[in-house]
Amino acid sequence: MTRFRCLASLVTTGLVALACGGQLAGGNNTNSSGAPIKVDLIGSMSGLNADLGNWAWDGVKLAVDQANAKGGVSGRKIDLQQLDDQGQPTVATDLAQRAISDHVVMVYGSNLSSVSLAMIPVLTAAKVPQITSGQAPALLQQGSPYIFVDSTTSAVFDQTLADYLVQKRKLTSIAMITNNGAYGKGEHDSFLAELTKLGVTPTVDKVVTPDQKDFTSVLTDVRGTNPKVLFFGAEEVESGLIAKQARSLGITATFAGGAPMGTPTYFQTAGADVVEGTIMTSPYLSNDTNAKTRAFASAYKKAYGKDAELHGAKAYDGMSIFIAAMRKTPNNLSGPKLIAAVRSIKYDGLLGHFKYDDTGLGLHATQIGIVKSGKIVPV
C-alpha cells in the first residue's frame with residue numbers, strides 16, 4: 001500500500017507541474033544527458049505568403065546551424081522543426097498545441113501578424129516563448145510577457161516614413177491603400193496617426209482585403225485625387241499587384257511603404273519599371289552595410305545559393321538572440337527563465353541594436369531607402 005501511495009504522489013506532482021506550464025524532470029527544459037533542445041518554426045511555407053515563411057526559415061536555420069557547429073548550448077544541439085501554418089490562424093493554433101505537446105523550448109513564428117496573434121494565448125498559457133516576424137502593434141498589446149518581435153512594429157516604420165515624406169521631402173498630397181488584415185490595419189492606423197500629427201489629411205483612404213487581386217475600383221478613386229504619393233499597407237504580393245495596376249491606370253504617384261516594398265517578391269510582382277523610385281523604410285537595406293552584414297550575406301549565399309534580404313536577416317537576428325539567451329541559462333530553459341534571459345541581453349545585430357523591453361519590442365529604429373535601377377539605395 002505504501003508503494004502505491006508513493007507512486008500516486010509522484011504522478012500527481014508531475015501532472016501539477018505540467019498544468020502549470022512546466023515539465024517533468026528530464027524534459028527538454030532541463031540539461032539532462034545532452035538531450036536536444038527542441039525549437040519549432042511555425043510559418044507560412046505554402047500559399048500567397050510562402051516567400052515570407054521560407055525567408056524566416058532560412059534565417060533561423062542558418063543561426064541554428066552555426067550554433068550547432070560550435071557545440072550548441074552547453075553541448076546540447078538545437079533540434080529545429082518546420083511546421084506549415086498555411087497562412088491560416090486556425091491551423092497555427094493547432095500547430096502551437098502540437099509544439100507544446102512536443103515540449104519545445106520556444107516557437108519561432110509566424111511570419112504573419114494575424115497568425116501570430118492567434119497563437120499568443122495558446123503559447124502564453126503554456127509559458128512557451130514566441131518570437132514573430134509580424135510587425136502589427138497589436139502583437140505587443142496582448143499583455144503577454146512571452147511574445148517578442150524580431151524587428152520593430154509598424155508604429156516605428158511609419159513614423160520614420162511619414163517624417164521623411166512630409167518634413168524632408170515636403171510631400172503632403174498622399175493617398176492610402178491598406179488591407180484589413182492584422183498587418184495592414186497596423187500600417188493603416190500607424191501611418192494615418194503620423195500624418196495627422198503632421199497636419200496632413202490623405203487625399204483618399206482605401207481599405208481592401210488581404211486576398212484581393214483586382215484593385216481597379218479603389219485605384220480609380222485614387223487617380224481622381226491625383227496624389228503625389230501612394231502609400232501601401234499590404235504584404236509583398238498584394239503591394240506588387242496594386243503598384244502594377246496603378247501604373248496601368250495612369251497613376252504617376254511615387255509609391256511608398258514599409259519593409260514589404262523592399263523585397264524581391266514586390267519587385268518581381270510589380271515589375272522592374274514599376275518599382276523604380278519606390279520609397280520604403282526598413283532596418284535592413286543592404287547586405288553591404290558593414291562587416292557583419294557582409295559575413296551574414298556570404299554565409300546565406302553559401303547555404304542557400306541566393307542573396308539574403310530583410311526577412312532572412314531579421315529571423316537570423318531573432319534566433320541568435322534566443323540562442324544567446326539559452327546559453328545564459330543552459331541548466332534551466334523553462335519559459336520564465338528564458339524570457340528573463342532574453343530581456344537581459346544587449347545584442348548588436350544585422351538590423352541594429354536590440355534590447356528587449358517588457359512588451360517584447362527590442363529594436364527602435366528603421367531607415368529610408370529608395371529603389372534606383374533595381375536596387376535599394378539608402379537615403
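1. Residues are numbered from 1 along each chain as its sequence is written, and side-chain values use heavy atoms, with hydrogens and water left out.

2. Strand 10 (residues 279–282) has Ile279 and Thr281 pointing one way and Met280 and Ser282 the other, and all are buried (under 20% relative accessible area, 1.4 Å probe, protein chains only). Strands here are DSSP runs of E, at least two residues, numbered from the N terminus.

3. Strand 9 (residues 254–257) pairs with strand 10 in the parallel sense over two bridges; pairing requires that DSSP finds at least two bridges between the strands. Strand 13 (residues 367–372) runs antiparallel to strand 10 and is joined to it by four bridges. Within strand 13, Ile368 is the bridge partner of Thr281.

4. Have a look at Asn111 too, in the loop between strand 3 (106–109) and helix 4 (113–125); helices are DSSP runs of H or I, at least four residues. Asn111 is buried, at 9% relative accessible area. Its side chain reaches the backbone nitrogen of Ser44 at 2.8 Å.

5. On confidence, the average pLDDT (the predictor's confidence in each residue, from 0 to 100) is 92, and 91% of the residues score at least 70. Over residues 1–27, pLDDT stays under 50. Where pLDDT is low, the predicted coordinates should not be read in detail.

How values were computed. Predicted model: local features only at pLDDT ≥ 70, side-chain atom pairs only at ≥ 80, totals over all residues. Buried < 20%, exposed > 50% of the residue type's maximum accessible area, 1.4 Å probe, protein only. Polar contact = N/O pair within 3.5 Å; in protein donor to acceptor, adjacent residues only side chain to side chain. Contact = heavy atoms within 4.5 Å.
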